[in-house]
Amino acid sequence: MTIHKSIPHQRNAWYAVAMAEEVTRTPLRRVILGEPLVLYRAEDGTAVALEDRCCHRLAPLSPGKLVGDCIECPYHGLRFDPDGTCTFIPGQLDIPARARVQAYPLVERYGLIWAWMGDAAAELARLPDWRWAESADWAVRGGYFHIKCHYALSVDNLMDLSHIAYVHSGTIGSASDAEKAVIDTLSEPGRVTVRRWVENQPPSPGFQKRFGPDPIDRWQLIEFQPPCYIRTFKGLGKGIYGTAGFDFTSAESDPPEGALSVSRGNTCITPETDGTCHYFTVHCHHGPVPDEEADQAWALAAEALAEDVLILEQTQENMELDPAKRMVFIHFDEGVEKARQAMRMAVKEEAS
Amino acid sequence: MTIHKSIPHQRNAWYAVAMAEEVTRTPLRRVILGEPLVLYRAEDGTAVALEDRCCHRLAPLSPGKLVGDCIECPYHGLRFDPDGTCTFIPGQLDIPARARVQAYPLVERYGLIWAWMGDAAAELARLPDWRWAESADWAVRGGYFHIKCHYALSVDNLMDLSHIAYVHSGTIGSASDAEKAVIDTLSEPGRVTVRRWVENQPPSPGFQKRFGPDPIDRWQLIEFQPPCYIRTFKGLGKGIYGTAGFDFTSAESDPPEGALSVSRGNTCITPETDGTCHYFTVHCHHGPVPDEEADQAWALAAEALAEDVLILEQTQENMELDPAKRMVFIHFDEGVEKARQAMRMAVKEEAS
Amino acid sequence: MTIHKSIPHQRNAWYAVAMAEEVTRTPLRRVILGEPLVLYRAEDGTAVALEDRCCHRLAPLSPGKLVGDCIECPYHGLRFDPDGTCTFIPGQLDIPARARVQAYPLVERYGLIWAWMGDAAAELARLPDWRWAESADWAVRGGYFHIKCHYALSVDNLMDLSHIAYVHSGTIGSASDAEKAVIDTLSEPGRVTVRRWVENQPPSPGFQKRFGPDPIDRWQLIEFQPPCYIRTFKGLGKGIYGTAGFDFTSAESDPPEGALSVSRGNTCITPETDGTCHYFTVHCHHGPVPDEEADQAWALAAEALAEDVLILEQTQENMELDPAKRMVFIHFDEGVEKARQAMRMAVKEEAS
């Protein structure tokens, strides 16, 4: 049983396919769920996603030029409008009905371009809610990373708070509070939440520099929604646990009054092929914070991701050496396993 | 249905395997139709092609040395004559009858080395007729290119005149005459011809520089013969269409009197593996033309080929992402499709 | 029938997996028989080999740190002792019985680390006997090489003395004595020996420089033991053939009195994947010889190996082009074929 077969891809869902600034009037090719997409912007700035494979002779459209809102095949000049309809065939008046390429419903939100990959009607409501990424109250940074592993391995990585003290011991991890942490996992239909908090403990070295040596409360909440959305909600403050109106159980809870630092991470991990994925992440710092501080926090997050990538890619290699290899579960896997279960449920529902 | 399965390789045919100057007394390895060949010259200069895989332990012969007309296996010293017969086994007088490697009938013509890849007797008459490549009336240039696509994609490319205005808009293409062009396709057993002519139209920018702004006639004829031979016959002149004795319907027609420029392209696209091919082409300019002009024309042709390669290799990638993907035919595909049909017919005949 | 299928790997055997000096307190990853191993030393210096794939989420252990004699998974901090038992799971007191990784019995001998890859109890007696590699009477040099071919091709190479005059004509080969050599092959259960001697012949150019032009006797004995051990025993001397007490039939025979030069090569060729192998070799020069001379002999052996690798890797390519391709046997193959037969017998015995 390969990891691929045990966790097939859900199709009727929004997948992040590009950073907004990657999509311009110069067409961009990107493979998503094994399909070639070409991404570009119409003249009014609307992002367009078509199959990057001309219906005629299967040439890529992405090296072609834009003619108004249409893309012209670089091979024989067929033109396709943003709906994927062929509007022009050189020297031929009659355009066959089959002359079209797949068009993917797109939406631009949170600094990302999202494509709906399934046959069912695209439902805007199924986009993850990252509204803080569009709020002036938050300092927003984000980026795109390519990882040579199955997307589920990368989801595992985010759903699992226990790896931070090990993989990230040189960056964002802190072995000191690992022992005092309380962790629980909440599972609802279509959502898995892992909560971790540490009450009244000395801050980790990095936080001591910023906030002094006094004991603090620290919380981290990670939430998964199929097919591949992860929200993290983190913060710290002095004596803040138990503050009226502050709800640890929801990634959407408003930041508590008097917190020292609050941030939200928002990630979509989009399958490229069975052994590779695209990692899009938007990091939000509750403000006001100086630009420099937001930049530093983002740089640290990117550095930590590079630490993960090393492990993830070698894990993928290990799985390919023996696709039938079974895992042993430990108590920290509750969130990871429930997230995988939610993935499988979502695929099963789609199939029924 | 992969492109490979829909168009298998014909075996009883001549395939170009090297430029004549590539084959010397230093053996050359080249994979043809999935088989390793070693190419070298006998002492009298005759080219030899043997299986580059010793019958003994399957070592390559190509790193071995030549002993007279024989090649000596670099591993254990077995020697093979140009017929593939083992003539010497170190320390062993009795040579088993099975001790031989495949020998491929070769012929050197048009600056190329051609190998007969099938089991049937090699028929010299089945070599394509490119006699102008050996005539003093023509200035001849040629080259070898490696392309990472199935050979049929590259044949498609040559059989299809409509792509020139798009892929080659920066080099040899001209959008201006695309609309006025008349195209027809002739299909006979074992031969498909696409003819295209433009009568009394302003020349393309490149030609204006050389011949002035007056309207001219321009003709292009492309002919395919299985398994993978393409001849193109092109020219332009003032008021030349309808000249007595000039036959647009044959690539072998003599150049008409008073033409401004006449050239013939001769190409053999030899399968290497299912996803790669060797592209051999010989470009003939009707003379007399200055060497420099022939060089420039050839450099332009090579530049245009590089433009094709970009599209062809990404098309191959697209096909590998979904080998079952169907194509949509347009009217310009008549020649391409008839050429593919001719390929399939030739393979079918060979099998029967 | 692929080479892989015709010669499966024996598992209950010792395989060299690293040079002793490669294994330190910095863990080393190496793939052996398709399995990922991590190699390191315990605090007392004992070498340890564990599966380089954590039982928990299949992450590699090799980027992890050592905690005493244990290795800590870099992903989630699980610790494994040298027996592969999980001794620590962060934040979890109860350790499941299944929480373990494969531990491989190891032995350090002859400057190499050897791993027992099978399920049966490791038998120290089945280690090959290279005791001269540990004797002060011999000058010892050794090295590790990676070759992109099936391990059996590399075994063939060593078992076959006839290739030396060809592959190594520029280094250790000598065509001159090829004709006068007498070769025979001895086959016993679990051992195949090829002997070659040349009596009273002029030495090869390299030896003339060292020992003068007078005729000498030269002997070479190569012995194979499954799964992949090869010992060679070589020497030369004046009028030495027939010396009382000198036994040409055994690689373990004491060097004869009055020999000019005696050396023993000891090689283990360990499968990595179906198309790649690890080559470990220990070269022993009977002493006393100056260090410089031993260094030179070793450098020459390494140069000769590079000549073999070129041929072996292209042979592998040839086999992959047509896995069904049959070989033709010649008389020199007796040793090679008997060695392959011994390999197959050993695998068959293991399976029964």
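Predicted model: local features only at pLDDT ≥ 70, side-chain atom pairs only at ≥ 80, totals over all residues.
Where the two meet, the contact takes 20 residues from domain 1 of chain A and 25 residues from domain 2 of chain A. On the side of domain 1 of chain A that touches domain 2 of chain A, helix H1 (3-6), strand S1 (14-19) and strand S2 (28-32) of chain A each supply at least two residues. Of the contributions to this side, that of S1(A) is the most, with four residues. By class, this side of domain 1 of chain A has 13 nonpolar residues, six polar residues and one charged residue.

Attention now turns to a sheet of chain A. Strands of a sheet pair through backbone hydrogen bonds, in either a parallel or an antiparallel manner. In chain A, seven strands form an open sheet in the order S11-S17-S16-S15-S14-S13-S12, and their pairing is antiparallel. At its edges are strand S11 (138-147) and strand S12 (182-188) of chain A, each of which pairs on one side only. On average, neighbouring strands of this sheet are turned by 15° against each other, direction ignored. Helix H5 (residues 291-321) of chain A packs on the sheet and touches S11, strand S16 (261-273) and strand S17 (276-286) of chain A. The direction of helix H5 of chain A makes about 25° with that of S11(A). Helix H6 (residues 334-351) of chain A lies across S12, strand S13 (191-201) and S14 of chain A, and runs at about 160° to S13(A).

One pair of strands shows the arrangement in detail. Strand S14 (residues 216-225) and strand S15 (residues 229-237) of chain A run antiparallel and are joined by nine bridges. Within this pair, A:Ile222 has A:Thr232 in S15(A) as its bridge partner. The corresponding loop can be examined in another chain: B:Pro227 lies between strand S14 (216-225) and strand S15 (229-237) of chain B. The peptide bond from B:Pro226 to B:Pro227 is cis, with omega near 5°.

The relation between chains comes next. Chain B is superposed on chain A, with an RMSD of 0.1 Å, by a rotation of 120° with 0.1 Å of shift along its axis. This is therefore the relation of a three-fold axis. Of the residues of chain B, B:Glu320 comes closest to the rotation axis, with its C-alpha at 12 Å. Chain B also touches chain C, in a contact that takes 22 residues from chain B and 20 residues from chain C. The chain B side of this contact divides into 12 nonpolar, six polar and four charged residues.

Some individual residues complete the account. B:Gly275 lies in the loop between strand S16 (261-273) and strand S17 (276-286) of chain B, and counts as buried because it has 20 C-beta neighbours inside 10 Å. Beyond residues up to four places away in sequence, B:Gly275 touches B:Lys148, B:Cys149, B:His150 and B:Gln316.

Most residues other than glycine have a negative phi. A:Asn200, in strand S13 of chain A, has a positive phi near 55°, and is partly exposed, with 13 other C-beta atoms within 10 Å. B:Tyr110 has a positive phi near 60°, and counts as buried because it has 24 C-beta neighbours inside 10 Å.

Terms used:
Residues numbered from 1 in each chain as written. Chains lettered and ligands numbered in written order. Pairing = 2+ DSSP bridges. Axes fitted to C-alpha atoms, helices over the stretch in contact; angles between N-to-C directions. Contact = placed C-beta atoms within 7 Å. Least-squares fit on C-alpha atoms with pLDDT ≥ 70 in both. Nonpolar A, V, L, I, M, F, W, Y, C, P; charged D, E, K, R; others polar. Buried ≥ 20, exposed ≤ 12 C-beta atoms within 10 Å, placed from the backbone.
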